[in-house]
Amino acid sequence: MAIIIDLDIEKCSACGACAVACMDQNDIDTQRCEAPFRVVFDLEQTDSQGHCKYTYMATACMHCTDAPCITACPCGCLSKDASTGLTVFDNTSCIGCHSCAMACPFGAPSFSAEGKMQKCDGCATRIHCGLEPACVRNCPTGALRCVEDTDYKEEHIERSLKRLASLIQP
Amino acid sequence: MQRTAIIGFGCAGFHAVKSLRAHGYSGEIHVYSNTGEPPANPMLTTYYVAGKLPYDGMFPFGTLESLQDEYDLVLHQNSPVTALDSHTRQIVLEDGSTACFDHIVLATGASALVPPIPGADHPGVFCMRTVRDAEALQKRLESGVRSAVVIGASMVGIKLVELLHRRGIQVTLADMAPHIFPTAALPEVAAEIERRLDGLGINLRFSQPIQAIEQTDHGLDVCLGGGTRLPCDIALMCIGTRANTQLADSGIQLGRGIVVDQHMQTSAPGIYAAGDCCEGYNLLSGQTQIIGLWDNAARQGETAGANIAGAVSTSYPGNITHNITHFMDMDFIGLGDIRIQGQRRIFDLPNGRGRVDLVTSGNRLVCVNILDNYRISGVLKRYLLKTLTEENARLGPAGRGRLEREGVPAALIDYLEGLN
């Protein structure tokens with residue numbers, strides 16, 4: 001089994017509820033400049049016709065299958081959780097070198113006030129206990145959801161078939 | 001039964017082993033190591049000496065016993081391989097015994113480069129590459145050191161400067177190059193780092209060659225070209241490394257390192273090379289080059305193991321040089337190639353969040369230096385790699401949003417995306 005934390009950007013309004021839930025779940029010390037693992041933002045972009053386009057997003061660790069942070073860590077702090085495929089960590093040996101940050105295409109790893117790496121572990125412990133990740137549990141629009149990768153792939157095939165059908169129908 | 005020899009058990013050797021088994025290799029795996037220790041990370045030696053990591057922390061993949069159990073290895077500890085016949089794939093050990101293999105992975109790593117100057121072998125002169133080097137320096141520091149000269153303004157050099165400075169030792173950093181991090185930092189970025197180091201009380205001596213180390217009544221004198229003498233208790237050599245290529249005979253193509261293709265295959269059939277001893281592809285130059293980085297060694301080892309195990313189409317396209325070093329409350333990140341001449345642009349990040357220097361050549365991003373903001377380094381590294389493999393590469397909304405969130409000015413983002 002592998003878990004995917006999916007975001008439907010059509011439903012996301014960048015309200016920040018997920019980030020607040022993340023802070024609460026992971027005891028993020030904002031007073032000491034620690035940031036939640038989930039980053040919420042809105043993008044304002046102008047297209048070639050001069051029309052404004054807004055994108056709302058909430059991103060965190062993508063839990064890549066072949067996660068570059070795992071091989072980049074010089075101390076072996078990062079690994080894959082065997083039962084969920086989530087990228088988890090044990091920062092006991094973390095030296096605060098920031099190599100994982102440079103390896104991550106999404107800028108997901110962050111550092112505690114003590115300089116130790118910490119990141120979204122997909123709330124692996126909650127999942128092991130049959131709960132949803134905190135961000136998913138608190139998303140008011142249903143934009144965030146937690147699915148198994150086999151279900152996710154099937155949905156995608158179905159969706160692309162539907163799209164294809166709509167394109168080729170007379 | 002198939003037999004594979006892994007010569008050298010560092011990051012590349014470990015990942016070759018792991019990948020062989022992960023891809024279902026059921027043959028014998030013989031690991032030859034010239035130490036009796038599990039795979040160690042040379043980068044962690046300075047952290048051990050600084051007291052930030054316990055001794056065992058230098059071995060990130062665990063003990064030899066656990067590795068032997070997990071991967072079913074035949075371990076040959078303290079068994080340096082002295083010769084290799086690349087045609088017959090026969091190896092020779094120190095005691096004259098020989099063994100033949102179907103496949104061999106050369107993962108012999110690199111050694112600290114000590115310049116051939118008088119006095120370099122003095123007991124007060126230290127290198128920083130191996131676990132033994134770390135223990136020796138640790139022991140010497142415990143007996144009391146007041147002053148030190150660090151020779152080599154490298155990533156290792158700066159970590160030594162940091163740990164010595166923290167112990168209250170008077171430190172001089174010397175290099176023949178005109179600036180710090182001469183292979184990674186643009187001159188203006190280096191100048192800014194040097195200004196800060198100077199402010200912290202570090203003595204800097206650049207553009208002067210090291211000519212000799214002489215014993216004096218008080219300790220040592222490091223003698224520089226031009227007649228400068230730097231008195232000190234200890235001297236530390238970290239001018240760079242040299243690939244351990246001694247086993248490559250005439251049947252194996254050799255540059256500065258052992259030349260490999262995208263499958264980590266050398267010019268000799270059945271013989272692979274991975275890690276700091278080899279030259280893989282540099283995606284920016286299109287040529288082979290030693291890219292001596294931990295992560296690169298892991299990927300190369302993985303690729304060698306997968307190919308030997310027969311995994312279909314397992315190749316590693318190559319890499320770019322990239323470094324991040326965190327020292328004295330600063331972060332320096334260097335991506336790409338500083339040797340390529342081009343147009344320079346400097347962007348200061350607001351609220352003292354750092355600066356980004358870019359070099360472009362013919363509408364192509366070739367070099368990025370970032371000071372103080374590690375948070376944007378991953379997005380920019382990924383983007384640089386993307387521009388080398390994709391037409392009209394874009395940051396994408398997640399990348400763009402991450403950069404905006406870190407205060408990266410729209411001018412910089414637009415400039416990057418307008419490049420190709």
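Reader: Is A:Asp27 buried or exposed?
Author: In this predicted model, where local features need pLDDT of at least 70, side-chain atom pairs count only at pLDDT 80 or more, and totals for chains, interfaces and linings use all residues, A:Asp27 is exposed because its relative accessibility is 64%. Buried means under 20% relative accessible area, exposed over 50%, and partly exposed in between (1.4 Å probe, protein chains only).

Reader: Where does A:Asp27 lie in chain A?
Author: A:Asp27 belongs to the loop between α1 (17-25) and β2 (39-46) of chain A. Helices (H or I, at least four residues) and strands (E, at least two) are DSSP runs, numbered from the N terminus. A:Asp27 is not a glycine, yet it has a positive phi of about 50 degrees.

Reader: What about A:Cys123, is it buried or exposed?
Author: A:Cys123 counts as buried, because its relative accessibility is 11%. This residue lies in the loop between β7 (117-118) and α4 (124-128) of chain A. A:Cys123 is not a glycine either, and its phi is positive, at about 50 degrees.

Reader: How are residues and chains labelled?
Author: Residues are numbered from 1 along each chain as its sequence is written, chains are lettered from A and ligands numbered from 1 in the order in which they are written, and side-chain values use heavy atoms, with hydrogens and water left out.

Reader: How many helices and strands are there in chain A?
Author: Chain A has 6 helices and 8 strands. From the N terminus on, the order is β-α-β-β-α-β-β-α-β-β-α-α-β-α. The C-alpha trace of chain A spans about 60 × 40 × 30 Å along its principal axes, and 44% of the 170 residues count as buried.

Reader: And how many are in chain B?
Author: Chain B contains 10 helices and 26 strands. Its radius of gyration, taken over C-alpha atoms, is 23 Å, close to the 22 Å that the globule rule gives for 420 residues, so chain B is as compact as a globular protein of that length. The globule rule is 2.2 Å times the number of residues to the power 0.38. Buried residues make up 57% of the 420 residues in chain B.

Reader: Which strand pairs with β13 of chain B?
Author: Strand β13 (residues 210-215) pairs with strand β14 (residues 220-224) of chain B in the antiparallel sense, over 5 bridges. Two strands pair if DSSP finds at least two bridges between them. B:Ile210 has B:Leu224 in β14(B) as its bridge partner.

Reader: What happens between those two strands?
Author: The hairpin of β13(B) and β14(B) has 4 residues between the strands, and B:Gly219 takes a positive phi near 155 degrees there.

Reader: New topic: where is B:Val259 found?
Author: B:Val259 is in strand β18 (residues 258-259) of chain B. B:Val259 counts as buried, because its relative accessibility is 13%.

Reader: Which residues is B:Val259 in contact with?
Author: Contact means heavy atoms within 4.5 Å. Leaving aside neighbours within four places in sequence, B:Val259 is in contact with B:Gln253, B:Leu254, B:Gln265, B:Thr266, B:Ser267, B:Glu279 and B:Thr288.

Reader: How far apart in space are B:Val259 and B:Ala153?
Author: They are 28 Å apart, C-alpha to C-alpha, and 106 residues apart in sequence.
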